[in-house]
Amino acid sequence: MPQVSQLFFKTATVFFLLGIIMGLHMGISGDHSAFPAHAHLNLLGWVSSAIFGIYYALNPAKAAGRLPIIQFAVYTVGIIVMIPALYFLSLGNTALEPFVGIGSFIVFAGVLLFAAVVFSKQT
Ligand code: HEM
Ligand code: HEM
(Lines give C-alpha, C1' and ligand atoms only; values in the text may rest on other atoms or scores of the structure.)
(Ligands and ions follow the chains in the order given, each with its own letter.)
Protein backbone atom coordinates (compact mmCIF):
# COMPACT_ATOMS: atom_id res chain seq x y z
CA MET A 1 0.00 0.00 0.00
CA PRO A 2 1.36 3.50 -0.86
CA GLN A 3 2.68 5.60 2.03
CA VAL A 4 -0.13 8.16 1.62
CA SER A 5 -2.72 5.36 2.05
CA GLN A 6 -0.97 4.18 5.23
CA LEU A 7 -1.02 7.76 6.54
CA PHE A 8 -4.71 8.24 5.70
CA PHE A 9 -5.63 4.97 7.42
CA LYS A 10 -3.61 5.87 10.53
CA THR A 11 -5.30 9.27 10.96
CA ALA A 12 -8.69 7.79 9.95
CA THR A 13 -8.39 5.18 12.69
CA VAL A 14 -7.50 7.79 15.32
CA PHE A 15 -10.45 9.95 14.20
CA PHE A 16 -12.73 6.86 14.28
CA LEU A 17 -11.68 6.03 17.85
CA LEU A 18 -12.21 9.64 18.95
CA GLY A 19 -15.54 9.82 17.07
CA ILE A 20 -16.83 6.70 18.78
CA ILE A 21 -15.61 7.90 22.20
CA MET A 22 -17.50 11.16 21.57
CA GLY A 23 -20.62 9.16 20.55
CA LEU A 24 -20.39 6.95 23.63
CA HIS A 25 -19.90 10.02 25.82
CA MET A 26 -23.05 11.59 24.35
CA GLY A 27 -25.01 8.36 24.78
CA ILE A 28 -23.88 7.76 28.37
CA SER A 29 -24.21 11.39 29.55
CA GLY A 30 -27.53 11.92 27.77
CA ASP A 31 -26.22 15.28 26.50
CA HIS A 32 -26.25 15.08 22.67
CA SER A 33 -25.32 18.73 22.04
CA ALA A 34 -21.90 17.84 20.55
CA PHE A 35 -23.50 15.73 17.78
CA PRO A 36 -22.35 17.97 14.87
CA ALA A 37 -18.70 17.51 15.93
CA HIS A 38 -19.27 13.76 16.37
CA ALA A 39 -20.99 13.46 12.96
CA HIS A 40 -18.28 15.41 11.10
CA LEU A 41 -15.41 13.74 12.96
CA ASN A 42 -16.76 10.36 11.85
CA LEU A 43 -17.76 11.39 8.32
CA LEU A 44 -14.86 13.71 7.40
CA GLY A 45 -12.27 12.13 9.71
CA TRP A 46 -12.98 8.40 9.44
CA VAL A 47 -15.13 7.75 6.35
CA SER A 48 -13.68 10.34 3.93
CA SER A 49 -10.03 9.81 5.02
CA ALA A 50 -10.50 6.04 4.54
CA ILE A 51 -11.98 6.64 1.07
CA PHE A 52 -8.93 8.78 0.15
CA GLY A 53 -6.67 5.99 1.44
CA ILE A 54 -8.56 3.37 -0.61
CA TYR A 55 -8.43 5.56 -3.74
CA TYR A 56 -4.63 5.88 -3.52
CA ALA A 57 -4.25 2.15 -2.81
CA LEU A 58 -6.33 1.32 -5.91
CA ASN A 59 -4.44 3.88 -8.04
CA PRO A 60 -0.79 3.64 -6.92
CA ALA A 61 0.33 5.75 -9.92
CA LYS A 62 -1.75 8.65 -8.56
CA ALA A 63 -0.11 8.20 -5.13
CA ALA A 64 3.32 9.08 -6.55
CA GLY A 65 4.96 12.48 -6.15
CA ARG A 66 4.46 15.23 -3.57
CA LEU A 67 0.88 16.29 -4.32
CA PRO A 68 -0.82 13.33 -2.53
CA ILE A 69 1.22 13.94 0.66
CA ILE A 70 0.42 17.67 0.49
CA GLN A 71 -3.27 16.75 0.00
CA PHE A 72 -3.11 14.47 3.05
CA ALA A 73 -1.41 17.17 5.19
CA VAL A 74 -3.80 19.98 4.19
CA TYR A 75 -6.95 17.85 4.61
CA THR A 76 -5.85 16.43 7.97
CA VAL A 77 -4.79 19.82 9.39
CA GLY A 78 -8.22 21.13 8.34
CA ILE A 79 -9.96 18.44 10.39
CA ILE A 80 -7.66 19.03 13.38
CA VAL A 81 -8.58 22.77 13.30
CA MET A 82 -12.29 22.32 12.48
CA ILE A 83 -13.47 19.50 14.75
CA PRO A 84 -12.25 20.59 18.22
CA ALA A 85 -13.54 24.12 17.48
CA LEU A 86 -16.89 22.65 16.33
CA TYR A 87 -17.01 20.51 19.48
CA PHE A 88 -16.62 23.50 21.83
CA LEU A 89 -18.89 25.65 19.62
CA SER A 90 -21.59 22.96 19.92
CA LEU A 91 -21.17 23.12 23.70
CA GLY A 92 -21.85 26.86 23.59
CA ASN A 93 -18.43 28.52 23.16
CA THR A 94 -19.35 30.89 20.32
CA ALA A 95 -15.88 32.52 20.33
CA LEU A 96 -14.59 29.46 18.45
CA GLU A 97 -16.86 29.95 15.43
CA PRO A 98 -14.10 31.56 13.26
CA PHE A 99 -11.91 28.49 13.76
CA VAL A 100 -14.72 26.24 12.54
CA GLY A 101 -14.86 28.42 9.41
CA ILE A 102 -11.09 28.48 8.92
CA GLY A 103 -10.86 24.70 9.48
CA SER A 104 -13.73 24.09 7.04
CA PHE A 105 -11.94 26.08 4.31
CA ILE A 106 -8.71 24.16 4.94
CA VAL A 107 -10.71 20.90 4.58
CA PHE A 108 -12.19 22.31 1.36
CA ALA A 109 -8.66 23.09 0.10
CA GLY A 110 -7.71 19.48 0.87
CA VAL A 111 -10.67 18.26 -1.22
CA LEU A 112 -9.73 20.63 -4.08
CA LEU A 113 -6.23 19.10 -4.02
CA PHE A 114 -7.84 15.64 -4.14
CA ALA A 115 -9.83 16.75 -7.20
CA ALA A 116 -6.53 17.91 -8.78
CA VAL A 117 -5.07 14.43 -8.17
CA VAL A 118 -8.16 12.60 -9.48
CA PHE A 119 -8.42 14.71 -12.64
CA SER A 120 -4.67 14.83 -13.32
CA LYS A 121 -3.38 12.87 -16.30
CA GLN A 122 -2.45 9.29 -15.38
CA THR A 123 1.33 8.94 -15.74
C1 HEM B 1 -20.35 3.30 18.99
C2 HEM B 1 -20.35 4.27 18.10
C3 HEM B 1 -21.29 5.45 18.10
C4 HEM B 1 -22.10 5.96 19.08
C5 HEM B 1 -22.27 5.48 20.52
C6 HEM B 1 -22.82 7.10 18.51
C7 HEM B 1 -23.72 7.91 19.18
C8 HEM B 1 -24.40 8.97 18.64
C9 HEM B 1 -25.32 9.83 19.37
C10 HEM B 1 -25.70 9.68 20.85
C11 HEM B 1 -25.78 10.76 18.50
C12 HEM B 1 -26.77 11.90 18.78
C13 HEM B 1 -28.14 11.49 18.30
C14 HEM B 1 -29.12 12.67 18.35
O15 HEM B 1 -29.16 13.37 19.36
O16 HEM B 1 -29.81 12.90 17.35
C17 HEM B 1 -25.17 10.49 17.21
C18 HEM B 1 -25.40 11.23 16.06
C19 HEM B 1 -24.79 10.97 14.83
N20 HEM B 1 -23.86 10.00 14.57
FE21 HEM B 1 -23.12 8.65 15.88
N22 HEM B 1 -22.43 7.24 17.19
C23 HEM B 1 -21.51 6.26 16.90
C24 HEM B 1 -20.86 6.06 15.69
C25 HEM B 1 -21.07 6.79 14.54
C26 HEM B 1 -20.38 6.58 13.27
C27 HEM B 1 -19.31 5.51 13.04
C28 HEM B 1 -20.88 7.49 12.39
C29 HEM B 1 -20.53 7.74 10.95
C30 HEM B 1 -19.72 6.99 10.23
C31 HEM B 1 -21.88 8.28 13.11
C32 HEM B 1 -22.61 9.30 12.56
C33 HEM B 1 -23.52 10.08 13.23
C34 HEM B 1 -24.27 11.16 12.61
C35 HEM B 1 -24.21 11.58 11.13
C36 HEM B 1 -25.06 11.73 13.61
C37 HEM B 1 -26.01 12.91 13.48
C38 HEM B 1 -27.38 12.36 13.13
C39 HEM B 1 -28.38 13.48 13.06
O40 HEM B 1 -28.29 14.32 12.14
O41 HEM B 1 -29.27 13.52 13.95
N42 HEM B 1 -21.96 7.83 14.41
N43 HEM B 1 -24.33 9.41 17.32
C1 HEM C 1 -15.86 21.17 5.40
C2 HEM C 1 -16.86 20.40 5.02
C3 HEM C 1 -18.26 20.49 5.62
C4 HEM C 1 -18.91 21.55 6.16
C5 HEM C 1 -18.41 22.99 6.30
C6 HEM C 1 -20.23 21.07 6.59
C7 HEM C 1 -21.21 21.88 7.18
C8 HEM C 1 -22.41 21.44 7.69
C9 HEM C 1 -23.42 22.26 8.29
C10 HEM C 1 -23.35 23.78 8.44
C11 HEM C 1 -24.42 21.44 8.70
C12 HEM C 1 -25.72 21.83 9.41
C13 HEM C 1 -25.50 21.75 10.90
C14 HEM C 1 -26.73 22.14 11.72
O15 HEM C 1 -27.75 22.55 11.18
O16 HEM C 1 -26.63 22.03 12.96
C17 HEM C 1 -24.04 20.07 8.37
C18 HEM C 1 -24.78 18.97 8.66
C19 HEM C 1 -24.46 17.69 8.25
N20 HEM C 1 -23.39 17.32 7.46
FE21 HEM C 1 -21.85 18.52 6.95
N22 HEM C 1 -20.34 19.74 6.33
C23 HEM C 1 -19.17 19.34 5.72
C24 HEM C 1 -18.88 18.07 5.27
C25 HEM C 1 -19.71 16.98 5.37
C26 HEM C 1 -19.43 15.67 4.81
C27 HEM C 1 -18.18 15.34 3.98
C28 HEM C 1 -20.45 14.86 5.17
C29 HEM C 1 -20.68 13.39 4.85
C30 HEM C 1 -19.73 12.56 4.37
C31 HEM C 1 -21.39 15.65 5.97
C32 HEM C 1 -22.55 15.20 6.54
C33 HEM C 1 -23.42 15.97 7.28
C34 HEM C 1 -24.56 15.40 7.99
C35 HEM C 1 -24.95 13.92 8.06
C36 HEM C 1 -25.21 16.49 8.61
C37 HEM C 1 -26.43 16.41 9.54
C38 HEM C 1 -25.93 16.14 10.96
C39 HEM C 1 -25.36 17.36 11.65
O40 HEM C 1 -26.05 18.40 11.71
O41 HEM C 1 -24.21 17.33 12.13
N42 HEM C 1 -20.90 16.93 6.07
N43 HEM C 1 -22.82 20.11 7.74
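Predicted model: local features only at pLDDT ≥ 70, side-chain atom pairs only at ≥ 80, totals over all residues.
**Entry: overall layout**

I began with the secondary structure. I counted four helices and zero strands in the chain. Read from the N terminus, the order of elements is α-α-α-α. I then took the extent along the principal axes, where the C-alpha atoms fill a box of roughly 50 × 30 × 15 Å.

**Entry: α1 against α3**

I looked up how helix α1, residues 3-29, lies against helix α3, residues 67-90. Their axes come within 10 Å and cross at roughly 10 degrees. Angles under 35 degrees count as roughly parallel, and α1 and α3 are therefore roughly parallel to each other. I listed the residues that meet: α1 brings Q3, V4, L7, F8, T11, F15 and M22. From α3 I noted P68, I69, Q71, F72, Y75, T76, I79, I80 and Y87. Sorted by class, the residues of this contact are twelve nonpolar, four polar and no charged.

**Entry: α2 against α3**

Next I checked α2 and α3. The angle between them is about 170 degrees, and their axes are 9 Å apart. Since angles over 145 degrees count as roughly antiparallel, α2 and α3 are therefore roughly antiparallel to each other. On the α2 side I wrote down P36, A37, H40, L41, L44, G45, S48, S49, F52 and Y56. On the α3 side the contact uses P68, Q71, Y75, I79, M82, I83, L86, Y87 and S90. The class count for the contact of α2 with α3 is 13 nonpolar, six polar and no charged.

**Entry: ligand 1**

I moved to ligand 1 and asked which protein atom donates to its iron. H38 is the only protein donor, through NE2 at 2.0 Å. I placed H38 in helix α2. A polar side-chain atom of H38 also lies 2.8 Å from a nitrogen atom of ligand 1. H32 makes a further approach: an N or O atom in its side chain is 2.6 Å from an oxygen atom of the ligand.

I then went through the surroundings. There are 13 residues around ligand 1, of which G23, H32, H38, A39 and N42 come nearest. Helices α1 and α2 each supply at least two residues of this shell. The shell is made up of eight nonpolar, five polar and no charged residues.

**Entry: ligand 2**

H40, like H38, I found in helix α2.

For the rest of the site I noted F35, P36, A39, H40, L43, L44, S104 and V107 around the ligand. The elements giving two or more residues to this shell are α2 (35-58) and α4 (97-119). Helix α2 provides the largest share, six residues. By class I have six nonpolar, two polar and no charged residues around ligand 2. I also recorded a polar side-chain atom of H40 at 2.9 Å from a nitrogen atom of ligand 2.

**Entry: cross-check of the two sites**

Last, I compared my residue lists. A39 is among the nearest residues of ligand 1 and is also in the shell of ligand 2.

Key. Residues numbered from 1 in each chain as written. Chains lettered and ligands numbered in written order. Heavy atoms only, no water. Near = heavy atom within 4 Å. Polar contact = N/O pair within 3.5 Å; in protein donor to acceptor, adjacent residues only side chain to side chain. Nonpolar A, V, L, I, M, F, W, Y, C, P; charged D, E, K, R; others polar. Axes fitted to C-alpha atoms, helices over the stretch in contact; angles between N-to-C directions. Parallel < 35°, antiparallel > 145°, perpendicular 65-115°, else oblique. Contact = heavy atoms within 4.5 Å. Donors = N, O, S within 2.8 Å, 3.2 Å for Na, K, Ca; no water.
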